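Reader: I want to learn how to read a packed pair of helices. Where do I start?

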Amino acid sequence: MIFLNLKSTLAAGVLIAMVSLSSCNGGNTAADNKSDSAATGNSNANTLIGAGSTFDYPLFSKLFSEYNKANGLRINYQSIGSGGGILQFTNKTVDFGASDAPMNGKQDSLLAAPALHIPVTTGAVVISYNLAGVKDTLKLTPSVLADIFLGKITKWDDVKIAAINKGVKLPSATIIVAHRSDGSGTTNIFTTYLAKVSEEWSTKVGKGSAVNWPAGLGQKGNEGVAGSIKQTPGAIGYVELAYAIQNNMAFAKMQNKAGNFITPSIASVTAAANITIPADSKISLTNTDAADGYPISGFSWILIYKEQKYNDRSSDRASRLLKLLSWMIHDGQQYSSPLNYAPLSPAAVSTGDAILKSATYDGKAILQ
C-alpha cells in the first residue's frame, strides 16, 4: 500500500508523477494492486477501487490517506483521466469513477443502471506558461486565449497579447501549445469555456472531454501537460490549479465576463460557484456572471451506481463506499483549501447529501 505525501511528491516535480503514472497504470493513492475484479464482488472488502480524474488527484491523495488513518479503509485510486474513469465505471471494474465532466446522454445510454453524480470539490483550470522573466504579470482575454489555442496567434510578442500586457517585456518566441491527449474532464471544463466565449472555437472545435485540437502537442494527464510546460520554453497549456501552485508554475490572470482580470484562487473559484445547484448536481461553472469569479472553474464529481447491489457486491461494501463519500463532502472538505481547491458551498453539500441518500442496496436506502 502506498500513500503519497502530497507536498513532497509534487514539489519533487511532475516528472516523478509521470513515471509513477506510467509504472502504476495511474498513480495509486492507496495501492494494494489487487485485481480490478475486487471492485465488483466481496473479496478484499477492506479496499475500495476508484479511477478517473487527474484534476482530483492531489486532493484525493490527501483525503484517502486521512480516511485510512481514521477508519482503516484503503482506497486504491488510479489517476487515469476522467474519460478512463468513466469507462471503468461503465464496465463496473471499479467501485467509483471520478470525473470533472458530468456524463452525457451517450455515456448514460451505455450504463446498465442509473448513475449518481456526487460533487466532491471545486477547482480551477489555470492557463500556465513558461516565459523567462514573466511570472505573475501576464493577462489574457477570452479572445486572445481562443486565438492561441486555435493556432492563430503564434508568437508571444503578438500585438494582441502586447496590447493587454503593457509594460511587460514579451519575447519574440514561438508559442508552443500543450493540451491533453486523453479523455479529460479538465479538457471538458476548458473547452466548454472556450466554446462559450469564442464563436469560432464553438463552430470549429466544440467542447467535450476530447476534441480535435487545431494546434499543439498532446500530453497525458494534468501531470503530462504540466511537465511539458515546465520543460519547454515558450509553452502554454491548461492544468489544475493545485498542480501549478505545487510545482511553482506561472499562470495567467483571465478576464471574466464582467471585464475584470481575475487571478485563480480559492476565493475567486468560490465566487464562481455561488450559484443555484440543480438536484442532479450537473452544472457548468465556466464563464461565470460573478464579477469577482474566476471564469474557468468547475465542479468535480464522484460517480456511483444508484443501486449498489450488482455483480455480487455485499451490502457492507456498499455501506463502506457511501460512508466514505459522505465523509468526503463533510469532514473531508477541511483539506481542500490547503491544497488550493475551493471547499464545496453549503448548497453543493446539501445537494450531495440528498443524492447520497438516494443510493440503495436491494431497493433500500443505504444512508439514513
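Author: Start with handedness. A crossing is left-handed if the near helix is turned anticlockwise from the far one by less than a right angle, and right-handed if clockwise. Helices (H or I, at least four residues) and strands (E, at least two) are DSSP runs, numbered from the N terminus. Here, helix 6 crosses helix 8 in the left-handed sense. This is a predicted model: local features need pLDDT of at least 70, side-chain atom pairs count only at pLDDT 80 or more, and totals for chains, interfaces and linings use all residues. Residues are numbered from 1 along each chain as its sequence is written, and side-chain values use heavy atoms, leaving out hydrogens and water.

Reader: At what angle do helix 6 and helix 8 pack?

Author: Axes are lines fitted to C-alpha atoms, for helices over the stretch in contact, and angles run from 0 to 180 degrees between N-to-C directions. For this pair the angle is about 115 degrees, and the axes lie 10 Å apart. Helix 8 spans residues 185-197.

Reader: Which residues of helix 6 and helix 8 meet?

Author: Contact means heavy atoms within 4.5 Å. Pro142, Leu145, Ala146 and Phe149 come from helix 6; Phe190, Tyr193, Leu194 and Val197 come from helix 8.

Reader: Is helix 6 mostly covered or exposed?

Author: Buried means under 20% relative accessible area, exposed over 50%, partly exposed in between (1.4 Å probe, protein chains only). Helix 6, residues 142-149, is mostly covered, with 7 of its 8 residues buried. Among them are Val144, Asp147 and Ile148.

Reader: And the chain?

Author: Buried residues make up 57% of its 368 residues. The chain has 14 helices and 14 strands.
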